[in-house]
Amino acid sequence: MAAVHLDTPDSAVGLTFRVLGELTVSNGHGVVPITAGRQEVVLAALLLESGKLLSSDHLIRLLWDDEPPDTARTQVQICVSRVRKSLAAADIGAAIVTRPPGYVLQIGDNRIDLHDFRDMVVKAKDLTAEGRTAEAADRLRTAVGMWQGPCLNGIPSEALTRVAQRIDEERLSATETFIELELDLGRHHQLTAEVGRLVDEHPLRERFRGQLMLALYRAGRQAEALDAYRRGRHLLREELGLEPGQDLRRLEQAILTDAPSLRPRTDVVTGPVPSGAEPASDRAGDGRTDGSYSATPRQLPLDTGDFVGHEALLTEAEGVLTDSSRRRGTGIVVISGRPGVGKSTFATRVAHGLSDTHFPDGQLFCRLRGGRSDPVSPREVLGRFLRALGLPGPAIPESLEERAEIYRSLLATRRILVVLDDAANEEQILPLLPGSSSCGVLVTSRARLTALPGAHRLPLDILQQQQALDLLGNVIGRERTEREGEAAKALVRAVGGLPLALRIVAARLAARPHWSLASMVQRLADERHRLDELAHGEMTVRASLSLTYDGLAEQDRGLLRLLSLAKGSTFPSWIGCALLDQPYPYPSDVLEPLVDVQMLDVAGMEAGGELRYGFHDIIRLFARDRLLAETDETQRRDALRRMSGAWLSLVTRAHRSHFGHDFLTGSAPRWNLPERHASAILARPMEWIESEWESLTLVVEDLAQQGEDEYVWEIAFYLAPFYEARGYLDLWARTHRKALTAVRQAGNARGQAAMLFNLGSLHLNRRQLPEARKSLLSALEIFERLSDQRGMGLCRRDLGSVEAMAGRDEEAMRHFDQAGSISEAVQENWLRASVLGARAALLLRRDDLEQAETELHQALETWNTVGNVGGQARTLFRIGRVHLRRGKVADARVFLKDALGMVQKEGDLIGEGHILHQLGRAHAVLGQSSEALSFFDQAISIHEHVLDQTGVASVRVDQAELLLREGHTARARALLEGAAEVLGSAGMERESRRAAGLLGPSGVGSRPGPVAGEGDGASVPARG
């Protein structure tokens, strides 16, 4: 179901109890720990039936089925008592009331996500009955998005799991309903991929399959719609011995006869559209109606539950962002103020208040790190935003100007709120501004940004006394502040009304309920004249933080200091273990004491189920100050190397797991996490790498700056294949240039060779052949000097590809032969397989088909052995081309379709486009024109999606040749003229000459030969 809950719905904000996924309890400050096992089962059962009486016998059956111990009733009482204590300690106003013969959970004002989900489903039904179809569909999609996994995922009770599975059915039903509504709204283009994934996850659910068939049919993909039916019918027969139901059979017949009833409805009422906004059907992504770039980002951080004050400013900010009648351009609000005054919290509150009503197309958010020495560049922010808006990595251009143009185009007809937190200056902000009045922008900054055109500025000041007292009462309890009213006022004065300082002091009081507020005031007075210091800017914040810091245990203070070495806006829990050199089985345990006093924030969940954490920027600066003041250089360097060793260990394991082998290894020591935790993190290596891009990139850059040359080159080296797989070529270039500088300064020859090799491969990906040749030859020279056979083999392989792309076939084959000899000498089968694949492309171009096929089958055997899916797919693709060249079209289709399935599963959009192109050629050879043109259209669609104009032109040449065979001369001429120009400009001489030949010296030639799959034959070897 991952396809329908990528975004966190605003309705989830403020939830206390979650059962739609793992059982969690929150109190506004973080997750409340509930002991795993029986206490979880008891609480889960009471939550599912909140407000209803559950008997002790029922709870006993849930815990022990039919074999309860003699002490079962007593153990249930103990579990209930402990859950009560956990809820009370977290200040959650829910009560478990004993009422014979059992217990009742009364949740009071708290919320359960299951209740919210069901309420939203009921509301959607009402909206549907009123004819407000678009609103109903959006409401149901948001409701399904609340699910974070199967209901009560991982709960240790088979009986309760059966109950949860029935609740899971509600999720599937709601999903089917909103898909049906969106099909009525004509959103079939946007739904095909999503419903396809749902069919894969629930292959026996006929309603999903029918919706997929209908979406494909309406998208002009009739053959695929019928194929979806046939696959479902085969599966039902194999699994259950049944035929599809009547609805599915009728739908198949309607598709075969092109029944008018299948056309999109024209009478659907989409509901009211706010003034100045376009209808939903016209706001798909960048304003197209074909569903391109239709992602809806929901990136806002969590709204703070105990927010107080600034009511007038909230109203003012909302007015600027929503009243488009008073302005022509984008509504921009700049929130400025001193550190710790609550700018980010204020902006988040404004954004959440407007997200549903005025900016339903999404919310973009980025922390710009303006207060740090390494602020985020506008170019990098635009890259993140474009990916969030649905643009794939390879389609994102390199220059800032081009990224800004695409960004403004995507936002031109959409209502999106952009939140830019902690901006450094106007230059950082200007490229990130939308060009449309339908969007809004919220900016927070320590600076006033007076040169930002058209911006409305809101200076945020400290809290007034009553507001500060309200905030204090929200954290430690109103009864406590009212009991010591004068002391509470003195405490507010002591911290100067600064929200950050007040929250820290209040957190310490909440953790120690036996302390009086007067005693806390006295402590402030006694510690180095803090009352005076708290009245002055940033120094006041340091004093408040020192109060909390001094109250920590020694290990916690040491950890806080060392955590300032971590890079990125958030970091995983295991970093604490590496910094302390202690492989704790549950890494979060070592960080939670810092969360308790709000020196750290819980920032989300990492791979493997562990929490992620983050610093407030001011606390990070404070921790860094303490690190420099209280630790020596040796301690800092050792901790940095342990943390770097942990990153290196995980990155190399991720590479080995995903690609099946290692490349080069250095001498940097690893720091290994406990195996259980490391295995959980790396269960899906590519997903883990994706989640850690920011941290890993910053780690490489920091290590380069710190002069840790061995760590920096090896981490960067093993990241490169992942950068390449996702098309993040700008990150590849940025990290490797900094790493190359570091290894050169250190005189690290092996590191220099590795980085030069990787940069050569980067240039090869970009088709910058002179630069690639220069880097690779430099790397080869160093590897030869070091007698590093593996490095020499890699360089020779890529140099062969450079020469092949340049058309120098003899030189290319010489390099390939030398690389092959080296692979045999060092017994590296993966290197030999990659060389064989590159050679085969050249042999295919030479028409040496027998040798090409032999070498490809040898390569395929190796890739199968090491488990490298990318290598298998590329090899199958090339074998398919060999069979196509030989005229064995049926065999070619088998190999090409196998390769297509692999690249689709891996998310390789570029590879999918090339394979679809070849499938079109195969069908053209068979004389199946309609099928061939369908594959060509799909390939063109993908190439256009990733902005690959040369790929589009190459497909159009084959498309035009097929049209000539069908007698469509005028249309073929138009295609060929455009394609020839693009191919010529790109330096693709063979393809360009082919297009010109089809045009002929005096017009389009007649009766061309069959499409045989020309093409260059040379390709960039994938590093994995």
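Search the whole structure and you get ten aromatic pairs. Keep in mind that this is a predicted model.

**Two tryptophans, W647 and W688**
- W647 and W688 make a tilted aromatic pair, with 6.2 Å from centre to centre and 35 degrees between the planes.
- W647 sits in helix α27 (residues 633–659) and W688 in helix α29 (residues 685–691), so this pair ties together parts that are 41 residues apart in sequence.

**A stacked pair, W693 and Y723**
- W693 and Y723 are stacked, at 4.8 Å centre to centre and 15 degrees between the planes.
- This is another link between distant parts of the chain: W693 is in helix α30 (residues 693–706), Y723 is in helix α31 (residues 709–726), and they're 30 residues apart.
- Y723 is buried at 0% relative accessible area, and W693 is buried too, at 9%.

**A ring cluster**
- W713, F717, Y718 and F757 are joined into a cluster by ring pairs.

**Helix α33**
- Helix α33 covers residues 749–765, 17 residues in total, and its first and last C-alpha atoms are 24 Å apart, close to the expected 24 Å.
- Most of α33 is covered, with 14 of its 17 residues buried.
- At the start of α33, N748 brings a side-chain oxygen to within 3.4 Å of the backbone nitrogen of R750.

**Cysteines**
- The disulfide count is zero, going by sulfur pairs within 2.5 Å.
- C79 counts as buried because its relative accessibility is 8%, under the 20% cut-off.
- C151 is also buried, with a relative accessible area of 4%.

Key: Residues are numbered from 1 along each chain as its sequence is written. This is a predicted model: local features need pLDDT of at least 70, side-chain atom pairs count only at pLDDT 80 or more; totals for chains, interfaces and linings use all residues. Side-chain values use heavy atoms; hydrogens and water are left out. Buried means under 20% relative accessible area, exposed over 50%, partly exposed in between (1.4 Å probe, protein chains only). Helices (H or I, at least four residues) and strands (E, at least two) are DSSP runs, numbered from the N terminus. The expected span of a helix is 1.5 Å times one less than its number of residues. A polar contact is a pair of N or O atoms within 3.5 Å; within protein, one must be able to donate a hydrogen and the other to accept it, and residues adjacent in sequence count only if both atoms are side-chain atoms. Rings of Phe, Tyr and Trp (its six-membered ring) pair if their centres lie within 6.5 Å; planes under 30 degrees apart count as stacked, over 60 as edge-to-face and the rest as tilted.
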